[in-house]
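Here is a short briefing to read alongside the structure. Keep the 3D view open and follow the topics one by one.

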Amino acid sequence: MLGGLFSFHSSWKNRLEDFTHKPSPLECTSLNFRGFQFAQAMRFAIEEINNSTDLLPAISLGYKFFDTCSSVARGVRAALALANGDEVTSAPSKTPCARPAQVLAIMGETSSSLSMPIATVIGPFHIPMISHFATCACLSDKTKYPSFLRTIPSDYYQSRALAQLVKHFGWTWVGAIRTNDDYGNNGMAIFSETAQQLGICLEYSVSVFRTDPPDKIQKVIDIIKASTSQVIVAFLHHLDMDVLIHELTHHNLTGYQWVGSESWIFDSQIAKLDRNHILDGAIGLSIPRAHVSGMREFMLDVKPLNSSSTDIFTEFWETLFGCKFKQSSLSGSHRECSGHEVLTGAVNSFTDMSLMPIFNNVYKGVYAVAHALHRVLGCNQTCDDKLQPDPFTILQHIKKTHFNTKDGDEVYFNEDGDPAAKYEIINWQPTRHRTVDFVTAGLYDASLPADKQLNLQSTSLVFAQNSTLVPVSVCSESCPPGTRKVLLKGKPVCCFDCIRCAEGEISNSTDSVSCVRCHPDFWSNERRDTCVKKDIEFLSYEEIMGALLTTASLSGTCATVLVLLVFFRHRKSPIVRANNSELSFLLLFSLTLCFLCSLSFIGRPSKWSCMLRHTAFGITFVLCISCILGKTMVVLMAFRATLPGSDVMKWFGPAQQRLSVLAFTLVQVVICVIWLTRSPPFPFKNIQELKGKIILECALGSAVGFWAVLGYIGVLAVLCFVLAFLARKLPDNFNEAKFITFSMLIFCAVWITFIPAYVSSPGKLSVAVEIFAILASTFGLLCCIFIPKCYIILMKPEKNTRKNMMGKTTPNSF
């Protein structure tokens with residue numbers, strides 16, 4: 001339907017030039033009831049304005065209609081006829097205007113594909129063209145269509161709203177069918193772009209057109225059958241949906257969830273064609289329902305047309321009731337029309353008022369022109385009837401118009417000539433009578449913030465196959481927390497595998513694309529969806545192992561103190577004097593320090609404890625071995641001194657013995673000082689050794705310093721062992737060198753086995769091994785060197801004589 005709107009002087013009368021019907025190759029083959037309804041809606045608005053005393057007082061509006069028959073050529077021809085004031089294009093009117101009419105606005109076209117060429121043709125004339133149903137987003141381009149406006153929202157908003165609706169239900173794997181014209185192709189292009197941004201994938205996207213051959217329609221059906229998606233987004237014109245629903249019914253393709261555009265989702269005729277209820281549960285967007293007072297009654301009252309235009313009334317009446325008037329050629333299959341048939345009781349596409357929202361768009365478009373004209377003519381109580389406004393001025397005022405209709409609808413246009421984008425969300429819900437109710441299940445308002453645009457009442461929805469459960473349509477099931485998505489090669493982003501996060505990593509959201517590593521102090525739980533704090537591990541006094549080692553250390557200390565007391569009490573006895581009592585007391589003191597230094601390895605490592613434990617261990621053990629080395633050398637030197645002419649003992653008297661111990665110990669002190677100065681040990685959190693645990697330990701700092709300390713102890717121990725071994729068979733009744741040899745043998749064996757045990761022990765066990773080595777070697781020295789002497793002192797006092805100490809009996813070898 002294409003209608004031209006004119007302005008008239010107050011004395012002029014309305015004029016109706018009905019649908020153009022004349023012999024032409026472009027002539028319509030049948031009367032278009034839908035176009036007729038739109039024409040009636042325009043007539044209603046014009047007559048209401050003409051009868052108004054507030055809007056355009058004393059000014060009457062005229063109109064002229066053309067049925068374009070969905071033909072681009074016919075539409076362009078009609079538009080040019082309106083723009084040029086060509087009265088030859090139609091039959092002469094019985095109520096001509098007083099002077100040639102100038103078209104101020106064109107109402108229409110219904111479809112986007114027809115509106116585009118017409119808007120292109122009339123654009124240079126600046127004649128406003130207001131469409132009530134052309135929704136293609138391309139028409140918002142003012143550089144191409146400068147004079148085009150519309151009272152229906154652009155598909156830019158509808159396509160985005162459909163994508164958000166699909167996303168709302170979690171459908172990420174959908175099929176798409178579109179009308180193969182500007183409406184369908186542009187609408188689906190915007191939907192696809194928005195869907196991609198929202199993480200929705202199209203399994204297929206196919207086009208159909210009402211004139212397609214059967215084999216092409218069959219290919220579409222085959223694609224739907226072969227698909228795995230359960231949701232179909234149909235951006236279709238209602239005429240193309242008519243064709244498609246026949247094929248869907250023939251193949252009984254039920255079970256799919258349909259998502260529809262406004263062109264067909266609210267069409268009662270399509271619902272009647274859906275005999276197999278294939279579209280039950282469909283959901284989509286529709287122009288908000290509207291009520292225009294008096295419009296329905298006016299549209300059904302077509303008898304006044306009989307007096308104004310007999311031709312259109314005759315064809316309409318004959319088509320509506322299937323009869324023929326006398327002036328028409330009667331055939332055997334048609335009865336004669338009386339002209340008094342009752343229209344209100346008839347049930348057909350013309351009496352169906354389900355498209356009232358679109359009729360309301362026509363109504364608002366006419367009123368927009370009237371309000372613009374009202375402002376141009378400076379109307380108050382009267383209008384300037386001498387002024388003949390030009391279309392360009394009317395166009396500029398239409399763009400700025402802002403008013404409310406009598407039923408409260410707000411009308412205005414944005415900079416693109418589009419109205420506010422508001423949609424109702426319609427859900428097809430079957431009834432007990434095998435019919436369909438179009439239930440409003442929510443609203444979409446593009447003017448609201450993004451998170452509030454979609455307002456859906458999910459509890460009232462019905463989906464495919466009359467189910468209240470939201471169907472599932474995904475290429476791959478969602479990856480649960482603890483896993484991450486891995487895209488499949490050659491597949492869309494919606495198709496993926498789920499891979500479990502590695503140890504120490506988590507993903508705490510569904511469909512995570514990556515796993516996040518936990519903080520070093522935390523660890524991933526078994527499900528890999530939460531970071532839990534790691535257990536802190538160190539050798540503490542509270543645990544059994546730490547308590548046992550502490551007990552052993554204190555026991556060794558006490559035992560050493562007891563030996564020291566025994567030696568001190570019997571310090572004048574031959575056995576104590578014969579074995580260098582001064583070095584013996586110093587050795588016992590160093591053994592006490594060795595036992596006590598092991599305690600520094602127990603407890604939470606700190607900066608000071610880390611520096612103390614290794615340096616104290618190194619120095620005390622060197623002091624201990626230096627004393628043993630001194631005692632061994634005294635034994636050797638004493639034997640050498642008994643040889644004739646030997647004065648060696650003068651070079652190894654008490655002063656020299658003290659200096660040797662001090663010198664040996666001072667070397668270790670220097671090594672430790674250099675170590676602590678350059679790169680001292682420090683507390684360290686070991687997060688790599690054990691899964692799920694933080695091992696608090698002392699890092700060595702300088703490995704060279706650590707091994708220098710141990711190496712120096714080892715060198716002294718080996719030297720001491722060699723000297724003791726050489727002196728093991730000296731002819732003394734109580735040969736101390738023999739016991740020193742045993743003690744150093746134990747000492748070396750302990751520390752040789754310590755190295756592999758220390759390296760292979762995880763966590764706090766490595767500290768326990770080191771403490772055990774310290775205690776074992778210290779106990780070895782204490783027991784091998786001093787216990788035999790204590791035994792004689794306490795249990796065999798008769799042997800504790802100088803004569804017995806200097807006995808000439810040869811000791812047994814070992």
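What percentage of the 814 residues in the protein chain do buried residues make up? The figure is 53%, and please keep in mind that this is a predicted model. The protein chain holds 23 helices and 26 strands. Of the contacts in the protein chain with a separation of 6 or more, 70% are between residues 24 or more positions apart.

- Eight strands form an open sheet with mixed pairing, in the order 7-6-8-9-10-15-16-17.
- Its edges are strand 7 (201-208) and strand 17 (454-456), each of which pairs on one side only.
- From one strand to the next, the twist averages 25 degrees.
- Strand 15 (residues 422-430) and strand 16 (residues 436-445) run antiparallel and are joined by nine bridges.
- If you want a landmark in that pairing, asparagine 427 stands opposite valine 439 in strand 16.
- Strand 6 and strand 7 pair in the parallel sense, over seven bridges.
- Here arginine 178 is the residue that stands opposite serine 207 in strand 7.

- Helix 5 (residues 182-197) lies across strand 6 (173-179), strand 7 and strand 8 (231-235).
- The direction of helix 5 is at about 155 degrees to strand 6.

**Helix 1 with helix 13**

- Helix 1 (residues 33-50) and helix 13 (residues 356-376) cross at roughly 40 degrees, and their axes come within 9 Å.
- That angle makes helix 1 oblique to helix 13.
- The crossing of helix 1 and helix 13 is right-handed.
- On the helix 1 side, the contact is made by Gln37, Phe38, Ala41, Met42, Phe44, Ala45, Ile46, Glu48 and Ile49.
- On the helix 13 side, the contact is made by Ile358, Phe359, Val362, Tyr363, Val366, Tyr367 and Ala370.
- The residues of this contact between helix 1 and helix 13 divide into 14 nonpolar, one polar and one charged.

**A closer look at glutamate 48**

- Glutamate 48 is a residue of helix 1.
- Is glutamate 48 buried or exposed? Its relative accessibility is 19%, so glutamate 48 counts as buried, the cut-off for buried being under 20%.
- Leaving aside residues up to four places away in sequence, glutamate 48 touches Ser293, Tyr363, Tyr367 and Lys406.

**Helix 15 with helix 22**

- Helix 15 (residues 544-569) packs with helix 22 (residues 764-795) at an angle of about 25 degrees, with their axes 10 Å apart.
- That makes helix 15 roughly parallel to helix 22.
- The crossing of helix 15 and helix 22 is left-handed.
- Helix 15 brings Met545, Leu549, Ala552, Ser553, Gly556, Ala559, Thr560, Val563, Val566 and Phe567 to this contact.
- These meet residues of helix 22, among them Leu765, Ala768, Ile771, Leu775, Phe779, Leu782 and Lys789.
- The residues of this contact between helix 15 and helix 22 divide into 17 nonpolar, three polar and one charged.

**Backbone spots to check in the loops**

- Most residues other than glycine have a negative phi, and most peptide bonds are trans.
- Glycine 108 and glutamate 109 are joined by a cis peptide bond, with omega about -5 degrees.
- Glutamate 109 lies in the loop between strand 3 (103-107) and helix 3 (112-122).
- Cysteine 69 has a positive phi, near 55 degrees, and is found in the loop between strand 2 (60-66) and helix 2 (72-84).
- With 25% relative accessibility, cysteine 69 counts as partly exposed.
- Asparagine 466 also has a positive phi, near 60 degrees, and its place is in the loop between strand 17 and strand 18 (483-487).
- Asparagine 466 is exposed, with a relative accessible area of 51%.

Key:
Residues numbered from 1 in each chain as written. Predicted model: local features only at pLDDT ≥ 70, side-chain atom pairs only at ≥ 80, totals over all residues. Heavy atoms only, no water. Axes fitted to C-alpha atoms, helices over the stretch in contact; angles between N-to-C directions. Helix = DSSP H or I, 4+ residues; strand = E, 2+ residues; numbered from the N terminus. Parallel < 35°, antiparallel > 145°, perpendicular 65-115°, else oblique. Left-handed = near helix turned anticlockwise from the far one by under 90°. Contact = heavy atoms within 4.5 Å. Nonpolar A, V, L, I, M, F, W, Y, C, P; charged D, E, K, R; others polar. Pairing = 2+ DSSP bridges. Buried < 20%, exposed > 50% of the residue type's maximum accessible area, 1.4 Å probe, protein only.
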